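The following note sets out numbered points for a colleague who is reviewing this model.

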Amino acid sequence: MLKDVLGALAVAHPLKQAIRCGDLMLTYDELFIMKERVKKYFAEELRIQKGDKMAFHLPNCADFIYSFFSAAEIGAVTIPLNTNFKESELRYYTSKCGIKTIITHSDLLAQWGQMPLMEKTLNFVLMDQLEWPTVDLKAESLLKSNPFSPDVAAIDSEILYLCTSGSSGRPKIIPKTPALLFSGAENLGTALDVGSQDRFLCVTPFFHANGFENSMFLPIINGASLVLMREFSPRSMLDVLAQEEITVLIGSPFIFSSLCDCADKAYDFSAMRHCLSAGAPLPAELKKTFYDTFGIKVREHYGASETGPVSVQFQDADEVGAVGKPLNNVRVKILDEEGRQLPPDMMGEVFISSTSMVKGYLDEPELSSEAFPSGYFRTGDFGMLDSEGNLHIVGRNKAIINLAGIKIDPSEIRNTLLSYPKVKDAYVTGVKNRKGMEVIKAIIVAHPDCTAKDIVIFCRDRLAAFKIPRLIEFRDSIPVDVMGKVIRSVVEK
Amino acid sequence: MSIEDVKDRIVEVMIRDLELALNPDEVYGTSRLDELFGMDSIAITELIIGIEKEFNIRIPAEDLSVEIFQNLETLTEYVKKLLHDEATMYIEGQDKT
């Protein structure tokens, strides 16, 4: 099925720009050919087979895209890993997912520490070191000589594992099938009316569900053009948005806020059709500032890795957390604490069901049955449906920190802090900074000679940089109740 | 502006814009910036935007490298050089008119 998509696109518009990444430009014809070559390399040289687990430790780049479609056609499972992860985090996911092959670039290899040398069972493939013949064939001629073969990757076989932060101290793996990916792309693509005329700027990392599904998979299967940014640089991004006549930008409040901060001249964004913000609540003031600066309305987009896209706020609304009506094939219900469905305008927990929703987490039957009761996903978000069917998100009941759209489990950071001999106790939470976005705060009970710098240095070698607490406060104790549970209202004062 | 003035203002930006719960002495006494906070893309972007506003300069994306953000000295020297280059360009522009 996936093969049909790229092959069909290559035949339909072979010379259309598929990907631009810095100086590299690939047409759909060339994308198809690269995918064929990489697939041959994976299957014949690396002996990748159906069900094999492949880590993709890559920035947003062309290597990521054709390697994913190659792996999927073989029936292998792609596991995108955060490029900021440190050795201990990479080791965890490698073991948890049974990864044997790591697709990466040479400048990221050092993050694996001793693993490339010590772990003989792991095969590290440096995509930037491989040499491919110059692309000189047209996909159509290749297709004629090599007609479609039956796909190995069935519509319901797992081809993607997304790693997400857990609320119970251990990260979870979300397995996705082609059917789920296509369904999510259709649900959002229909709402946005995505077509081959669109040009997406892909800045949200592909190792996030939002980046992978909405900024990469969605535009590719629609034959749109993708302009990739390996790293986030707001000033470069402003220039690219104008020069490349971008029509769809999917970002987070942090990205939109940084763009406003860096705008120091007039930009022509007249091609822009949709600016979507996801991952964290979009402050009303930011929405206004962005409109005042660029004349473009940022729409709030709501979704979860487990469910795929849920809604987009197409109507103008100043209210924070108004995320719009559920998309096609998405159902939302609001339940009270006893599990009773609530009428419109009543606040409760948000449950989602959609055609792009997974059935559960990998190898976590208990967690899965808790998180997916009766065919719905329990989001952990509080909200309501108004009388017109618009969804409003007002908060979370899970203790997850939301750092510019990246969900972080505080207990993972706490456990790291507690492994430091100078730390006696610790509490980790998210606090709002002056821009209204969350940063990580650690409240620590430590030996008297322990400094904030000691804490940062200790974390630096064990946690990805984005998980290191920005604010560190030392206290004499962390108050707990009779059950031994931290009294959040007191400790967070 | 002296190199010490540039350094003082960068330390101010760090504490103010990154909202670090550190005093200036802790920042001065550090050998590497990644001893003060997690150097992720969010923190680096906030720092760049803060420095650009503080000094009214533009840091070109192509200049961004790990070396610049290694420690307070490397960052100070880079900003000082950028200020000097911009001042030179301004004077040259004045001469032409």
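1. In this predicted model, chain A and chain B bury about 2300 Å² between them, and carbon and sulfur atoms give 53% of that area. On the side of chain A, the residues that lose the most area to chain B are A:R235, A:K453 and A:R470, which together make up 29% of what that side buries.

2. The contact involves 25 residues of chain A and 28 residues of chain B. Seven salt bridges are found across the interface by the rule applied. One salt bridge joins the side chains of A:R470 and B:E46, with an N to O distance of 3.1 Å. A:R470 is also among the three residues of chain A that lose the most area to chain B.

3. Between chain A and chain B, 10 residue pairs are in polar contact, counting pairs with both residues at pLDDT 80 or more. Four elements of chain A each give two or more residues to the side that touches chain B: α9 (234-243), α10 (253-262), α14 (452-460) and β24 (471-474). Of these, α14(A) gives the most, with five residues. By class, that side of chain A has 14 nonpolar, seven charged and four polar residues.

4. Strand β24(A) also belongs to an open sheet of three strands in chain A, ordered β22-β23-β24 with mixed pairing. Because β22 and β24 of chain A are edge strands with a single partner each, one side of each has no neighbour in the sheet. On average, neighbouring strands are turned by 25° against each other, direction ignored.

5. The pairing of β22(A) with β23 (residues 438-446) of chain A is antiparallel and extends over nine bridges. Within this pairing, A:D425 has A:V445 of β23(A) as its bridge partner. α14(A) packs on the sheet and touches β22, β23 and β24 of chain A, its direction making about 130° with that of β24(A). Helix α13 (residues 410-418) of chain A lies across β22 and β23 of chain A and runs at about 150° to β22(A).

6. Which residues does A:G430 contact, leaving aside its neighbours within four places in sequence? They are A:I401, A:E438 and A:V439. A:G430 itself lies in β22 (residues 423-432) of chain A. The C-alpha atoms of A:G430 and A:I440 are 4.7 Å apart in space, while the two residues are 10 residues apart in sequence.

Technical notes. Residues numbered from 1 in each chain as written. Chains lettered and ligands numbered in written order. Predicted model: local features only at pLDDT ≥ 70, side-chain atom pairs only at ≥ 80, totals over all residues. Heavy atoms only, no water. Contact = heavy atoms within 4.5 Å. Buried area = accessible area lost by both parts, 1.4 Å probe. Salt bridge = Lys/Arg side-chain N within 4 Å of Asp/Glu carboxyl O. Polar contact = N/O pair within 3.5 Å; in protein donor to acceptor, adjacent residues only side chain to side chain. Nonpolar A, V, L, I, M, F, W, Y, C, P; charged D, E, K, R; others polar. Pairing = 2+ DSSP bridges. Axes fitted to C-alpha atoms, helices over the stretch in contact; angles between N-to-C directions.
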